[in-house]
Amino acid sequence: MELGLHTISFRPPLTPSYNRNIRLIRCGIAEPSGVPAPMGQKTRYKDGFFEKAFMTLFARKMEKFASAKDGAAKGWYDYESFVDVSKRVVQGRSRKEQQEVVREVLLSMLPPGAPAQFRKLFPPTKWAAEFNAAITVPFFYWLVGPSEVIEVEVNGVKQQSGVLIKKCRYLENSGCVGMCVNMCKIPTQDFFTNEFGLPLTMNPNFEDMSCEMVYGQAPPPLELDLVSKQACYAEICTMANKNSTVCPKVQF
């Protein structure tokens with residue numbers, strides 16, 4: 001099966017008026033089409049050294065918070081084992097506790113003083129929002145799959161600070177609304193907004209597993225967020241409550 005190598009190309013945002021084109025990366029997808037599989041089918045990936053290195057780094061950081069498992073991976077982690085660690089972190093924890101674990105993991109991966117330095121380098125400006133959107137595409141493809149920079153409107157201003165994730169690899173592999181919200185959306189929003197000082201809103205679409213990230217836009221309180229009313233993936237989530245109209249892991 002052929003695996004295409006896809007070049008990432010974008011101009012660095014040296015000035016606010018730099019010319020931008022849509023940037024797209026196809027994250028080592030092993031599908032013949034080169035794009036994510038349709039809804040209801042799991043996309044096949046062929047991960048290389050760097051993808052597995054990131055998976056292993058994150059998984060090992062999370063292992064100390066995860067419930068014990070016989071035969072847990074000791075060497076390299078693949079994506080399935082990375083998601084398995086996430087599931088074991090979720091077990092027995094409230095949504096707030098899950099989110100705090102992610103925060104601790106993210107902080108543990110940064111050198112001392114990194115958030116303060118980020119705030120100096122990237123104050124909450126249009127330029128900073130657009131730059132972070134541009135680097136999200138290549139640096140997070142291992143986690144979420146292929147994505148592209150899109151134009152969004154923030155506080156009445158149109159800017160290239162949106163990222164459209166085509167079909168989130170993490171949601172696709174976990175099959176869990178609660179894990180999407182508590183292990184990705186909320187802690188990532190909070191980390192950028194509160195630790196880095198750069199507002200970020202993430203809008204997952206549970207109909208097709210896509211997700212829109214909007215840098216520069218402050219996230220709404222969870223009680224006003226549509227995800228707080230989202231039902232489980234009853235047919236694919238092993239932790240789903242089929243009798244509940246709302247995923248129990250996003251309820252207050």
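A residue is called buried under 20% relative accessible area, exposed over 50% and partly exposed in between (1.4 Å probe, protein chains only). The model is predicted: local features need pLDDT of at least 70, side-chain atom pairs count only at pLDDT 80 or more, and totals for chains, interfaces and linings use all residues. Residues are numbered from 1 along each chain as its sequence is written, and side-chain values use heavy atoms, with hydrogens and water left out.

R88 is buried, with a relative accessible area of 6%. R88 sits in helix α2 (residues 79-90); helices are DSSP runs (H or I, at least four residues) numbered from the N terminus. The R88 side chain reaches the backbone oxygen of S67 at 2.7 Å.

Nine of the 12 residues of α2 are buried, so the helix is largely enclosed by the rest of the structure. Among them are Y79, F82, V85 and V89. The cover over the buried residues includes α1, α3 (95-108), α6 (141-144), α7 (169-174) and α8 (177-195). From first to last C-alpha, α2 reaches 17 Å, close to the 16 Å expected at 1.5 Å a residue; the expected span is 1.5 Å times one less than the number of residues. At the N-terminal end, D78 caps α2, with a side-chain oxygen 3.3 Å from the backbone nitrogen of E80. Just after α2, G92 takes a positive phi of about 75°.

α5 is mostly covered, with 10 of its 14 residues buried. Buried positions include F131, N132 and V137.

By contrast, F50 in helix α1 (residues 49-63) is exposed, with a relative accessible area of 58%.

How values were computed. Helix = DSSP H or I, 4+ residues; strand = E, 2+ residues; numbered from the N terminus. Polar contact = N/O pair within 3.5 Å; in protein donor to acceptor, adjacent residues only side chain to side chain. Contact = heavy atoms within 4.5 Å.
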